[in-house]
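Hello,

Here is the structure I promised to pass on to you. Please open it first, and then read my notes below.

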Amino acid sequence: MFAALGDDTRWSILAALGRADASASALAEVLPVPRQAIAKHLAVLQDVGLVEPVRVGREVRYRVLGSQLTETARRLDLIGAQWDRRLATIKQIAEDLERE
C-alpha cells in the first residue's frame, strides 16, 4: 500500500479520480503522463485496493475506493501517535538529564 502511494503520479491519479471517475485515456488528457503509463499506475493502485475498474459501455472507468483510503489514513494516524509518544519520552529523558 505505502509503496504504491510513494509515487507522485499515483497521488495525482488519485486526486483526479477523487473529483470524478475516469478512464485511463481521460486521465492521460489531464496529466502529463502517457496513457500506457497511466494504465500501469492504475494497475498498481488496483492491486492494493485503492481503485476499482467499472465498465461503462465499451469504456472502463476507474473510481477511488474511499474505504481503503480511510483505513490507510487511520493506520498513518496510529503510526503518528506512536512517534509522538516516543518523541515525548525522548524529550523528557533529555530534560531530566539536563537537570542533573
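Which side chain meets that of Lys91 in a salt bridge? The partner is Glu95, with 3.9 Å from N to O. A salt bridge here is a side-chain nitrogen of Lys or Arg within 4 Å of a carboxyl oxygen of Asp or Glu. I come back to this pair below, after some background.

Before you look further, please note that this is a predicted model, in which local features need pLDDT of at least 70 and side-chain atom pairs count only at pLDDT 80 or more, while totals for chains, interfaces and linings use all residues. Residues are numbered from 1 along each chain as its sequence is written, and side-chain values use heavy atoms, with hydrogens and water left out.

The overall picture

The chain has five helices and two strands; both are DSSP runs numbered from the N terminus, helices being H or I with at least four residues and strands E with at least two. Starting at the N terminus, the order is α-α-α-α-β-β-α. Along the principal axes, the C-alpha atoms fill a box of roughly 75 × 25 × 20 Å. The radius of gyration is 20 Å, whereas a compact globule of 100 residues would have one near 13 Å. That radius is taken over C-alpha atoms, and the globule rule is 2.2 Å times the number of residues to the power 0.38.

Of the 100 residues in the chain, 21% are buried. Buried means under 20% relative accessible area, exposed means over 50%, and partly exposed is in between (1.4 Å probe, protein chains only). The accessible surface of the chain is about 7000 Å², and carbon and sulfur atoms hold 54% of that surface. These areas come from the Shrake-Rupley method with a 1.4 Å probe, and for residues only the protein chains shown count as cover. Among contacts with a separation of 6 or more, 45% are between residues 24 or more positions apart, a contact being heavy atoms within 4.5 Å.

UniProt, in an unreviewed entry, places the feature "domain: HTH arsR-type" at residues 1-84. UniProt positions are given in the numbering used here, feature names are shortened, and annotations may be inferred rather than shown by experiment. In the model, residues 1-84 are 65% helix and 14% strand, with their end C-alpha atoms 23 Å apart.

The salt bridges

By the 4 Å rule there are six salt bridges. One of them joins Arg63 to Glu52, with the closest N and O atoms 2.3 Å apart. Arg63 lies in strand 2 (residues 59-64) and Glu52 in strand 1 (residues 51-56), so this pair ties together parts that are eleven residues apart in sequence. Arg63 is partly exposed at 35% relative accessibility, and Glu52 is partly exposed at 24%.

Now back to Lys91 and Glu95. Both lie in helix 5 (residues 66-99), four residues apart, about one turn of the helix. Lys91 counts as exposed, at 52% relative accessibility, while Glu95 is partly exposed at 29%.

Helix 5 also holds Arg99 and Asp96, three residues apart, again about one turn of the helix. Their side chains meet in a salt bridge of 3.1 Å, N to O. Arg99 is exposed, with a relative accessible area of 60%, and Asp96 is partly exposed at 30%. There is also a network of salt bridges that links Glu71, Arg74 and Arg75.

The nonpolar patch

Phe2, Leu76, Ile79, Trp83, Leu87 and Ile90 make a nonpolar surface patch of about 600 Å². Patches are made of residues with over 30% relative accessible area and no salt bridge, where like charges are joined within 9 Å and nonpolar side chains (Val, Leu, Ile, Met, Phe, Trp, Tyr) within 5 Å. Helix 5 gives the largest share of the patch, five residues. Leu76 is in helix 5, and is partly exposed with a relative accessible area of 45%.

One more residue to look at

Gln36 is in helix 4 (residues 35-47) and is exposed at 52% relative accessible area. Between Gln36 and Leu65 there are 22 Å in space, C-alpha to C-alpha, and the two are 29 residues apart in sequence.

Happy viewing, and best wishes
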